[in-house]
Amino acid sequence: MLIPATLKIGRQPYTVYEPHFSPMKGTYGAINYTMATLHIAKCCPHTGRLRSPRQRSETFWHEVVHGVLFDMNHPLWNDEKFVTHFARTLSNTINSARFE
């Protein structure tokens, strides 16, 4: 999956960055609601190795799920366990889509 450069979550436009490492040390990605940015790390913060496109895609959807729930003012917006499970399922669903 190609990671977009920009997207809108609700009415808020976000800019997506793909730095080598997330601005939040030890994480694979981050969303900043005030700055309206998503960061998807290209490299693993623990090993420094390049992450696969599938791993980066899953992180992208993880941050998007945080953003959608935050936009909805949903109480699970910051529940990492829920967001991780939902994003993994969403990413797998999108990656399984086939067009004829």
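Predicted model: local features only at pLDDT ≥ 70, side-chain atom pairs only at ≥ 80, totals over all residues.
Residues are numbered from 1 along each chain as its sequence is written, and side-chain values rest on heavy atoms, with hydrogens and water left out.

The chain contains two helices and four strands, taken as DSSP runs numbered from the N terminus (helices: H or I, at least four residues; strands: E, at least two). Read from the N terminus, these elements follow the order β-β-β-β-α-α. The C-alpha trace spans about 40 × 35 × 25 Å along its principal axes. The radius of gyration of the chain is 13 Å, in agreement with the value near 13 Å for a compact globule of 100 residues; this quantity is taken over C-alpha atoms, and the globule rule is 2.2 Å times the number of residues to the power 0.38.

Of the 100 residues, 33% count as buried, where buried denotes under 20% relative accessible area, exposed over 50%, and partly exposed the range in between (1.4 Å probe, protein chains only). The chain exposes about 6,800 Å², of which carbon and sulfur atoms supply 57%, the areas being derived by the Shrake-Rupley method with a 1.4 Å probe and, for residues, with only the protein chains shown as cover. Among contacts (heavy atoms within 4.5 Å) between residues at least 6 apart in sequence, 34% join residues at least 24 apart. There are 11 positive and 7 negative side chains, and the centres of the two sets lie 6 Å apart; Lys and Arg count as positive and Asp and Glu as negative, without His or the chain ends, and each charge is placed at NZ of Lys, CZ of Arg, CG of Asp or CD of Glu.

Helix 1 comprises residues 53-71, and its 19 residues reach 27 Å from the first C-alpha to the last, close to the 27 Å expected when 1.5 Å is multiplied by one less than the number of residues. Its buried residues include Arg 56, Ser 57, Phe 60, Trp 61, His 62 and Leu 69, and the buried residues of this helix pack against strand 1 (6-9), strand 2 (12-17), strand 3 (29-32), strand 4 and helix 2. In helix 2 (residues 80-96) lies Ser 91, which is buried at a relative accessible area of 1%. Apart from neighbours within four places in sequence, Ser 91 is in contact with Ser 57, Glu 58 and Trp 61.

Thr 37 belongs to strand 4 (residues 37-40) and, because its relative accessibility is 9%, counts as buried. When residues up to four places away in sequence are not counted, Thr 37 touches Tyr 14, Thr 15, Tyr 17, Ala 30, Ile 31 and Asn 32.

Backbone torsions were also examined. Most residues other than glycine have a negative phi. Ala 36, however, in the loop between strand 3 and strand 4, has a positive phi near 55°, and this residue is buried, with a relative accessible area of 9%. A positive phi near 60° is likewise found at Asn 73, which lies just after helix 1 in the loop between helix 1 and helix 2. Asn 73 is exposed, with a relative accessible area of 67%.
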